[in-house]
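Colleague: I'm new to reading protein models. Could you walk me through a few features?

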Amino acid sequence: ERRKAERAEEEKRLAEARLVEEQKRRAEEEERQRKKREEEQRKREERERKRQEWEEKKNANRPNFVINKREGGPEVQSAPQEEKKEEVTKSKEQLEAERRSIIDQRVPPLNVSGMTVEQLKAKAKELHDLLFRIEGENYDLGQRFKRQSYDMQELAERARQMNKGQYERVKDPRSFSDRRTVFSGENYAEEFHRIAPTHQIIMTEEGFRVLQPGEAPPHHEANPPAEAVEAQ
């Protein structure tokens, strides 16, 4: 019994320690999230402040009116058009709310209470026809987008081809095997044989000399025989 009580006391102490640790972890996580939100808010305010300063500097030296000249009439001063301001970055909640608002405006709620069977059938047929028409329009717009994208790519490629340099290297589209067959056709099928020489040229003291057919080259005792050069 005492051991069981000690074990229960130990488990209770461990549970309390885990609870304290969990509370501490949650507090740290909440503090981290709070600091993160404050940092994001500070950055947004800093961006907005810099944007306003930039707008003020840009419009500081500009007049607050525009002078337009009319033919045959006096000069007229008119106020300038307001410049389009940059859109402030919207949060996910704001974007989702705007999306839901647009859907509610475009898609009215369907009220079928109090309708008879015939009215329900007519309403179902009306919705079916509407979906069929919208799907057809969606398909047509998708095909039109693909066709326009292809046309734009073709025009860009033509412009690139027209702007190519005169000496730009063009890559041969043929493979190595196709290019190799150019040098292995019927003109290169037969092997060439060496042609036998018809004359013999020797080197003498006077210079080169061509021997006639059947004539033997001269021999000198003092000098070794001259080297014969074959003429093709």
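Predicted model: local features only at pLDDT ≥ 70, side-chain atom pairs only at ≥ 80, totals over all residues.

Colleague: How many salt bridges does the structure hold?

Modeller: General idea: side chains of opposite charge can pair when their charged atoms come close. A salt bridge here is a side-chain nitrogen of Lys or Arg within 4 Å of a carboxyl oxygen of Asp or Glu. The structure holds 14.

Colleague: Which residues does Arg49 pair with?

Modeller: Glu46, with the closest N and O atoms 2.3 Å apart, and Glu53, at 2.6 Å. Arg49 and Glu53 are four residues apart in helix 1, so about one helical turn separates them. Helices (H or I, at least four residues) and strands (E, at least two) are DSSP runs, numbered from the N terminus.

Colleague: Is Arg49 buried, partly exposed or exposed?

Modeller: Buried means under 20% relative accessible area, exposed over 50%, and partly exposed in between (1.4 Å probe, protein chains only). Arg49, at 37%, is partly exposed.

Colleague: And how do strand 3 and strand 4 run?

Modeller: Two strands pair if DSSP finds at least two bridges between them. Strand 3 (residues 199–203) and strand 4 (residues 208–211) run antiparallel, joined by four bridges. Gln200 has Leu211 as its bridge partner in strand 4. In this hairpin, Gly207 takes a positive phi near 135°.

Definitions and conventions
Residues numbered from 1 in each chain as written. Heavy atoms only, no water.
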